[in-house]
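Keep the viewer open as you read.

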Amino acid sequence: MAFVLVVVGVLGLAVGSFLNVVIHRVPRGESLLRPASHCPQCTSPVRPWHNVPVVGWLVLRGRCADCAAPIGLRYPLVELGTAALFAAVAARLIAPAPAAGTGGSAWLYLPAWLYLAAIAVALALIDLDVLRLPDAIVLPSYVVAPLLLLPGVIVERDWPAALRGVLAMAALWTLYFLLSLYRGGMGAGDVKLAGVLGLYLGWLGWPSVAVGTLAAFVIGGAAGLVLIAAGRAGRRTALPFGPSMLAGALIALFAAAPITAWYTTLLVPA
């Protein structure tokens, strides 16, 4: 099991390196393939050995090899964070017991959840940077996510999970769309992302849908209050809600069962 987590973590480092490119270029409408990685200050190409996740940044001491322009600490943090998230998702799905909604074929569901983890990192940081959830990432997920989830459903013959995912996708999309109709409500990107998250949460089960949705609003509300108290936002300040939605979905993956059990004890004391 440890070997698997190491492999998934190394994969996460590589994906995190690519996500740095995604986070920088997608909001600007730039190609992810051309030009090759380069310094944004002097445009000098990044040497392949300097592109090794985390290690390259450490070797360069956080500066461009050609012009000595600073390379933000966020680059290695994204790589390390993605690696840690990948390993955590793998551990949750396949050990010590499969996550709810994955049956005995958790391995088949792992690519789908690693995909969600990857776009979660990219979308959260892009939303924090530019207050936008790009269609270039969200819309393809309506195709990619079902294709990655489907093998597990076929093997397990768990078609009710597929139906539940579709219903939850429609339910969350509708909820966020209605909220977007109110002034100061959700943005269009939030509405589109809600459908993708609903698909994943519905596949896990209705308790996960409830926990993931409520957690998003709790996190978003708490973050807003903290920013207002710190004087960094006002009541009408536009704040990114995508990170809260993504965090809520991940919380549901890791903790929907204990949260649901705890809440049930409050309603029905022993």
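Helices here are DSSP runs of H or I with at least four residues, strands are runs of E with at least two, and both are numbered from the N terminus. With that in hand, find A69, which sits in the loop between α2 (55–59) and α3 (74–94). This is a predicted model, so to speak of local features we need pLDDT of at least 70, side-chain atom pairs count only at pLDDT 80 or more, and totals for chains, interfaces and linings use all residues. Residues are numbered from 1 along each chain as its sequence is written, and side-chain values use heavy atoms, with hydrogens and water left out.

Is A69 buried or exposed? Its relative accessibility is 11%, so A69 counts as buried; the cut-offs are under 20% relative accessible area for buried, over 50% for exposed and partly exposed in between, with a 1.4 Å probe and protein chains only. Setting aside residues up to four places away in sequence, A69 touches C39, Q41, G62, R63 and C64, where contact means heavy atoms within 4.5 Å. Y200 is elsewhere: C-alpha to C-alpha, A69 and Y200 are 41 Å apart in space, and 131 residues separate them in sequence.

Now zoom out. The chain has nine helices and zero strands, which reads along the sequence as α-α-α-α-α-α-α-α-α. Its radius of gyration is 20 Å, close to the 18 Å that the globule rule gives for 270 residues, so the chain is as compact as a globular protein of that length. That radius is taken over C-alpha atoms, and the rule is 2.2 Å times the number of residues to the power 0.38. The C-alpha trace spans about 65 × 50 × 35 Å along its principal axes. Of the 270 residues, 41% count as buried. Among contacts between residues at least 6 apart in sequence, 70% join residues at least 24 apart.

On to the packing. Two packed helices are described by the angle between their axes and the distance between the axes. Axes are lines fitted to C-alpha atoms, for helices over the stretch in contact, and angles run from 0 to 180 degrees between N-to-C directions. Angles under 35 degrees count as roughly parallel, over 145 as roughly antiparallel, 65 to 115 as roughly perpendicular and the rest as oblique.

Take α4 (residues 106–130) and α5 (residues 135–156): their axes lie 8 Å apart at an angle of about 160 degrees, and therefore α4 and α5 are roughly antiparallel. Residues in this contact include W113 and I119 of α4 and V144 and L148 of α5. By class, the contact of α4 with α5 has 19 nonpolar, two polar and one charged residues; Ala, Val, Leu, Ile, Met, Phe, Trp, Tyr, Cys and Pro count as nonpolar, Asp, Glu, Lys and Arg as charged, and the others, Gly among them, as polar.

How does α5 sit against α7 (residues 188–204)? The angle is about 15 degrees, with the axes 9 Å apart, and that makes α5 roughly parallel to α7. Y200 turns up again here, among the α7 residues that meet α5. This contact has 13 nonpolar, two polar and two charged residues.

Finally, α7 packs with α9 (residues 242–267) at about 0 degrees, axes 10 Å apart, and the two are therefore roughly parallel. L197 of α7 and A249 of α9 are among the residues making the contact.
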